[in-house]
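Notebook open, model loaded. I want to look up the fold first, then the packing, then the strands.

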Amino acid sequence: MDSFWWVLIVFGTGGFGWAADTVRTALKNRHERKLELMEAAKQERLALEAAHRTPEPVCGCTHHLAKHDKQGRCHERVEVPTAWDENKKPLRFEAGQCNCQQYVGPQPLSQVYAEDLTDRI
Ligand SMILES: [Zn+2]
Ligand SMILES: [Zn+2]
């Protein structure tokens, strides 16, 4: 019967406190894990939104493609530096035109292939 009383004492004092602490820690951990999951879900949603958004039709010169004419020349007004200091930092600007030619790089292979087909017809 001695051991029975020991068990009762342990549960009645420190043992109970320890058990309550364990439960509290477990609940806290679960809460933190839930927050982590929510954060992960948010990141995933943002990534999905970014993937589904159509890319901005912006040229390599940082101007919108609508500012370019059919020949690809950019008509956006830009500030052209006319004077520099000794650190090559522009001091004065003059209003000018962006001299972008809208080079879009080599054609993707799929387009070359399609043109090849239309040539034969
Ligand atoms: Zn451009
Ligand atoms: Zn431009």
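My entries on this chain follow.

**Ground rules.** I'm working from a predicted model, where local features need pLDDT of at least 70, side-chain atom pairs count only at pLDDT 80 or more, and totals for chains, interfaces and linings use all residues. Residues are numbered from 1 along each chain as its sequence is written, while chains are lettered from A and ligands numbered from 1 in the order in which they are written.

**Fold.** I looked up the secondary structure and got 2 helices and 2 strands, taken as DSSP runs numbered from the N terminus (helices H or I, at least four residues; strands E, at least two). Along the sequence I read the pattern α-β-β-α.

**Record check.** An unreviewed UniProt entry puts a "coiled-coil region" at residues 24-51; such annotations may be inferred rather than shown by experiment. In the model I find that span 100% helix and 0% strand, with its end C-alpha atoms 41 Å apart.

**Packing.** How much of the protein is buried? I get 2% of the 121 residues, where buried means 20 or more other C-beta atoms within 10 Å of the residue's own, with C-beta atoms placed from the backbone. Strand β1, residues 77-84, is hardly covered, with 0 buried residues among its 8.

I then checked how β1 meets strand β2 (residues 90-97): the two pair antiparallel over 7 bridges, and pairing takes at least two DSSP bridges. Trp 84 stands opposite Pro 90 in β2.

Conventions:
A residue is buried if 20 or more other C-beta atoms lie within 10 Å of its own, exposed if 12 or fewer, and partly exposed in between; C-beta atoms are placed from the backbone.
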